[in-house]
Amino acid sequence: MKYQNSHSPRFEELAVVLPEYITHPELRQMAQRVQQAMFQNSVADCRTDSQKLERQGEIGRVKAILDHLITTPNADAAVLVLITNEPQPKILLTRRAAHLSSHAGEVSFAGGKHDAGDGNNVVTALREACEETALPPSKAQIIGQLPTQISKKGLEVRPIVALVEPPVTYVPELGEIARIFWGDFEKIITEPTCDYVLPYTMGGQTVHIKTPCWRVDGEVVWGLTGKILASLLEVGFDRQIEWYYQPVEAHCQLADNE
């Protein structure tokens with residue numbers, strides 16, 4: 001089922017994938033739980049639950065998912081949590097360019113701020129992913145959305161979860177993205193996080209803060225991107241990850257970051 005987007009002609013169609021068409025067991029479970037959670041979190045508004053969805057058949061379920069996605073209030077920004085649909089799935093990550101004024105040099109999902117012409121959060125995520133990585137929007141098979149997260153600058157960010165069938169050629173937009181890399185999806189959903197210590201300046205004083213992270217292909221995944229990953233694991237796999245920012249002694253920095 002596809003959705004005609006009248007707001008952004010460059011992104012004319014949105015396609016949704018249902019769990020029963022996904023062969024990889026972890027991806028199938030994730031898709032099922034993400035789609036169920038979308039409606040459980042809004043049952044008071046839409047009077048739709050998972051059992052009612054099942055009775056609607058495939059076309060009715062896809063329409064309900066699309067309707068839910070395109071009528072969800074627009075967040076300040078949206079990111080694309082893109083996972084390859086293959087025997088060993090990988091998750092797309094980027095490292096932001098060092099000269100940027102916001103989140104410079106940090107690992108992030110492709111995405112960015114909402115534009116008035118986007119129409120909905122899904123198009124925001126697809127448009128930004130296309131601009132940053134050259135992902136053709138038609139290649140993304142939308143699963144659903146995760147709860148919003150708040151960035152350190154106070155922006156509300158909506159994660160959109162999607163699959164992509166390889167092969168696709170990705171090209172970083174060097175004005176924004178220094179590097180595109182991939183995380184092993186199965187490792188991320190099973191391996192424990194580790195601590196990352198970083199300096200934080202507030203009121204003219206610098207302290208060192210410890211926070212959870214994943215180490216992926218030589219990069220540190222923490223902060224907003226880490227919280228979105230933790231949310232995906234909670235929704236899709238019932239994995240609870242405590243997210244904390246704890247002050248530590250400066251001399252612990254080197255040992256914890258090795």
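**Figure 1. The loop that holds Pro167 in the predicted model.** Pro167 is situated in the loop that links S9 (156-164) to strand S10 (177-184). The peptide bond leading from Pro166 to Pro167 is cis, its omega being near 0°. Helices (H or I, at least four residues) and strands (E, at least two) are DSSP runs, numbered from the N terminus; the chain contains eight helices and 14 strands. This is a predicted model, in which local features need pLDDT of at least 70 and side-chain atom pairs count only at pLDDT 80 or more, while totals for chains, interfaces and linings use all residues. Residues are numbered from 1 along each chain as its sequence is written, and side-chain values use heavy atoms, with hydrogens and water left out.

**Figure 2. Two loop residues with positive phi.** Asp217, in the loop between S12 and strand S13 (219-221), has a positive phi of about 50° although it is not a glycine. Asp217 counts as partly exposed because its relative accessibility is 46%; buried means under 20% relative accessible area, exposed over 50%, and partly exposed in between (1.4 Å probe, protein chains only). Asp238, also not a glycine, has a positive phi of about 55° and belongs to the loop between H7 and strand S14 (246-248). With a relative accessibility of 54%, Asp238 counts as exposed.

**Figure 3. The surroundings of His114.** His114 lies in the loop between strand S6 (110-113) and helix H5 (121-133) and is partly exposed, at 25% relative accessible area. Apart from neighbours within four places in sequence, His114 contacts Asn74, Ala75, Asp76, Ala77, Gly119, Asn120, Thr124 and Arg127, where contact means heavy atoms within 4.5 Å. The C-alpha atoms of His114 and Ala78 are 6.8 Å apart, although 36 residues separate the two along the chain.

**Figure 4. The largest nonpolar core.** A nonpolar core is a set of buried Ala, Val, Leu, Ile, Met, Phe, Trp, Tyr and Cys residues joined through side-chain atoms within 4.5 Å. The largest one has 35 residues, of which Met30, Ile83, Phe109, Ile143, Phe185, Trp214 and Leu232 touch the most other members. Two or more residues come from each of H1 (25-40), S3 (77-84), S4 (90-96), S9 (156-164), H6 (185-190), S12 (205-216) and H7 (223-237). The greatest contribution is that of H7, with seven residues. Beyond four places in sequence, Trp214 touches Ile188, Glu191, Thr193, Glu219, Val220, Val221, Gly226, Leu229, Ala230, Leu233, Ile241 and Trp243. A second, separate core of 30 residues includes Phe39, Leu69, Ile160 and Val164.

Figure 5. Buried in H1 are Leu27, Met30, Ala31, Val34, Gln35, Ala37, Met38 and Phe39. H1 packs against H7 at an angle of about 90°, with the axes 7 Å apart. Axes are lines fitted to C-alpha atoms, for helices over the stretch in contact, and angles run from 0 to 180 degrees between N-to-C directions. H1 is therefore roughly perpendicular to H7, a term for angles of 65 to 115 degrees. At this contact, Glu26, Gln29, Met30, Arg33, Val34 and Ala37 of H1 meet Leu232, Val235, Gly236 and Phe237 of H7.

Conventions. Angles under 35 degrees count as roughly parallel, over 145 as roughly antiparallel, 65 to 115 as roughly perpendicular and the rest as oblique.
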